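Please read the following points alongside the model, which is a predicted one.

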Amino acid sequence: MAGFFSRDTLLLRPQEWVLVLITMVWGGTFLTVHLAMTVSGPCFFIGLRFATAAVLLGLLTWRTLPGITWQEIKFGTLIGIAIAIGYGLQTWGMQTISSSKSAFITALYVPLVPLLQWLFLGKMPGLMSWVGILLAFAGLMMLAGPEGGELAFSVGEIATLISTLGIAAEIILISASAGNVDVRRVTVIQLAVASLCGFMMMKPGGETIPDLTPFLLWSAVGMGVASAVIQVTMNWAQRSISPTRATVIYAGEPVWAGIVGRLAGERLPAVAMLGAGLIVTGVIISELRLVRKRKPVVEGALVNRSDNETGSK
């Protein structure tokens with residue numbers, strides 16, 4: 001009967017431990033981006049951040065670049081567009097909301113992965129996915145605008161919420177391309193495409209090139225290095241890890257972001273903290289799987305089966 005969790009859910013392979021470390025780095029980037037928005041527009045910062053990452057990775061892997069295939073160009077372009085949408089809207093939202101709140105709202109991309117797989121691949125989410133989705137949604141309701149004591153989504157929260165669609169699409173596309181592309185080449189392409197999209201959106205977004213202060217340049221370079229490491233690691237690890245397995249590891253990202261934000265002086269109201277906890281709980285539950293308990297095999301049945309097999313030879 002159903003009701004027992006698979007022991008494999010709690011065991012981590014080396015690739016998954018690497019993703020855990022990457023998730024810690026990822027969580028720490030929220031505060032850096034939040035602070036960078038005080039000296040730069042979101043589109044320019046996205047363009048500069050991913051341009052830095054693309055150049056850095058290109059210099060390290062230039063020997064492999066001549067072998068780029070159309071398959072890698074296709075997947076790299078699609079992933080790059082998804083990254084630009086996800087990170088662009090997330091960065092834009094951090095102009096008006098704290099890094100901690102942004103991180104917890106962004107975590108909603110996890111239960112969105114099985115929903116998008118259902119819509120586009122026809123794969124129905126399981127019972128635990130639906131439970132996780134409901135918990136995460138309830139947490140979002142508590143996290144949104146708790147300061148006023150009533151439900152109210154700010155523009156920054158709405159932008160961050162929409163950004164989760166792009167991040168969920170990125171996870172699915174990376175898994176879809178796993179095993180069919182060279183990780184190094186496709187990562188360079190997706191980073192370059194994300195950078196180009198960021199710069200192209202500056203004019204429609206009414207942005208101009210900001211003063212290139214040391215803080216802005218160091219923030220962009222630091223985020224570029226982090227982005228290169230994160231993207232390469234995600235592409236490498238998800239060659240052997242399912243998208244649902246990967247996303248449950250990524251669930252730790254908002255927790256690390258919340259810890260870093262709190263150390264920096266950010267404080268979420270109690271109801272918002274409870275909502276954040278529900279989101280993380282929903283994220284984890286949405287990726288658990290129920291397995292059926294195997295019926296015990298009695299000794300007599302095993303003997304009869306052995307006899308039958310011997311007689312049939």
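1. Helix 1, spanning residues 14-36, packs against helix 4, spanning residues 99-106, at an angle of about 125°, and the two axes lie 9 Å apart. Because angles of 65 to 115 degrees count as roughly perpendicular and those over 145 as roughly antiparallel, helix 1 is described as oblique to helix 4. The crossing in which helix 1 passes helix 4 is right-handed.

2. As for the residues that form this contact, helix 1 contributes Phe30, Leu31 and His34, which meet Ser99, Ser102, Ala103 and Thr106 of helix 4. Sorted by class, the residues of the contact of helix 1 with helix 4 comprise 3 nonpolar and 4 polar ones, with no charged residue among them.

3. Which helices each supply at least two residues of the lining of the largest pocket? They are helix 2 (42-60), helix 3 (70-93) and helix 8 (183-200), and of the contributions to this lining, that of helix 3 is the most, with 6 residues.

How values were computed:
Residues are numbered from 1 along each chain as its sequence is written. This is a predicted model: local features need pLDDT of at least 70, side-chain atom pairs count only at pLDDT 80 or more; totals for chains, interfaces and linings use all residues. Side-chain values use heavy atoms; hydrogens and water are left out. Axes are lines fitted to C-alpha atoms, for helices over the stretch in contact, and angles run from 0 to 180 degrees between N-to-C directions. Helices (H or I, at least four residues) and strands (E, at least two) are DSSP runs, numbered from the N terminus. Angles under 35 degrees count as roughly parallel, over 145 as roughly antiparallel, 65 to 115 as roughly perpendicular and the rest as oblique. A crossing is left-handed if the near helix is turned anticlockwise from the far one by less than a right angle, and right-handed if clockwise. Contact means heavy atoms within 4.5 Å. Ala, Val, Leu, Ile, Met, Phe, Trp, Tyr, Cys and Pro count as nonpolar, Asp, Glu, Lys and Arg as charged, and the others, Gly among them, as polar.
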